[in-house]
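Here is a short report on one protein model. Look at the picture first, then read on.

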Amino acid sequence: MAAPRKSATQVAAREKARAKAQELTARHEKLIDLAAEFFEQQEQAEQVRADARTKAQAILARAEEEAAAATAGAAGTVAAMVAAGEPKASVAARLGITGAELKKLLDQAPAAAGPAADVGDVASENSEETAAEAA
């Protein structure tokens with residue numbers, strides 16, 4: 001067989017180089033596409049986390065409001081117990097709280113003390129009526 005011509009060898013080498021370059025370019029393009037997909041997914045994950053944080057903050061805020069309302073109700077109940085004539089120490093012992101906790105609840109219940117005083121007034125009126133009937 002005759003040796004290939006120099007130009008034929010060069011053409012074959014160029015074609016081989018072109019094929020290799022196309023293969024590398026295709027691989028590079030695929031990697032770029034995959035990297036773009038990665039960043040999109042990362043951004044989506046962060047958005048999900050941000051939405052969850054927002055929802056959690058709203059739930060916690062609502063829970064704090066409800067807890068404050070429940071605490072105000074408890075403070076009103078404590079004030080009603082004290083207004084009924086029960087000594088503070090006895091109320092604290094009955095509820096299993098310290099005197100400091102009782103004082104804190106009583107300090108939170110100035111608005112609740114009004115209705116509690118009304119309950120106490122009704123109780124005193126009832127006892128006055130009972131005393132008048134007995135006499």
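Which hand does the crossing of α1 and α2 have, left or right? The crossing is right-handed. A crossing is left-handed if the near helix is turned anticlockwise from the far one by less than a right angle, and right-handed if clockwise.

This is a predicted model, where local features need pLDDT of at least 70, side-chain atom pairs count only at pLDDT 80 or more, and totals for chains, interfaces and linings use all residues. Residues are numbered from 1 along each chain as its sequence is written, and side-chain values use heavy atoms, with hydrogens and water left out.

**The helices**

Helices (H or I, at least four residues) are DSSP runs, numbered from the N terminus. Helix α1 covers residues 6-83. It has 78 residues and reaches 114 Å from its first C-alpha to its last. That is close to the expected 116 Å, where the expected span is 1.5 Å times one less than the number of residues. Just after α1, G85 takes a positive phi of about 100°.

Two packed helices are described by the angle between their axes and the distance between the axes. Helix α2 spans residues 88-95. It packs with α1 at an angle of about 135°, and the axes are 9 Å apart. That makes α1 oblique to α2. Axes here are lines fitted to C-alpha atoms, for helices over the stretch in contact, and angles run from 0 to 180 degrees between N-to-C directions. Angles under 35 degrees count as roughly parallel, over 145 as roughly antiparallel, 65 to 115 as roughly perpendicular and the rest as oblique.

**Buried and exposed**

Buried means under 20% relative accessible area, exposed over 50%, and partly exposed in between (1.4 Å probe, protein chains only). Which residues of α1 are buried? They are A75, G76, V78 and A79. A74 is also found in helix α1, but A74 counts as partly exposed because its relative accessibility is 35%. The C-alpha atoms of A74 and L105 are separated by 7.6 Å. Along the chain, these two residues are 31 residues apart.

**Salt bridges**

A salt bridge is a side-chain nitrogen of Lys or Arg within 4 Å of a carboxyl oxygen of Asp or Glu. How many does a search of the whole structure find? It finds 3 salt bridges.

| Salt bridge | N to O distance |
|---|---|
| K20 and E23 | 4.0 Å |
| R53 and E46 | 3.5 Å |
| K103 and D107 | 3.3 Å |

K20 and E23 both lie in α1, 3 residues apart. K103 and D107 both lie in helix α3 (residues 99-108), 4 residues apart. An α-helix has 3.6 residues a turn, so residues three or four places apart point the same way.

Now check accessibility. K20 is partly exposed at 47%, while E23 is exposed at 52%. R53 is partly exposed at 44%, and E46 is partly exposed at 40%. K103 and D107 are both exposed.

**An aromatic pair**

The whole structure holds 1 aromatic pair. F38 and F39 form this pair, with ring centres 5.3 Å apart and planes at 70°. The pair is edge-to-face. Rings of Phe, Tyr and Trp (its six-membered ring) pair if their centres lie within 6.5 Å; planes under 30 degrees apart count as stacked, over 60 as edge-to-face and the rest as tilted. F38 is partly exposed, at 42%. F39 is exposed, at 55%.

Methods. Helix = DSSP H or I, 4+ residues; strand = E, 2+ residues; numbered from the N terminus.
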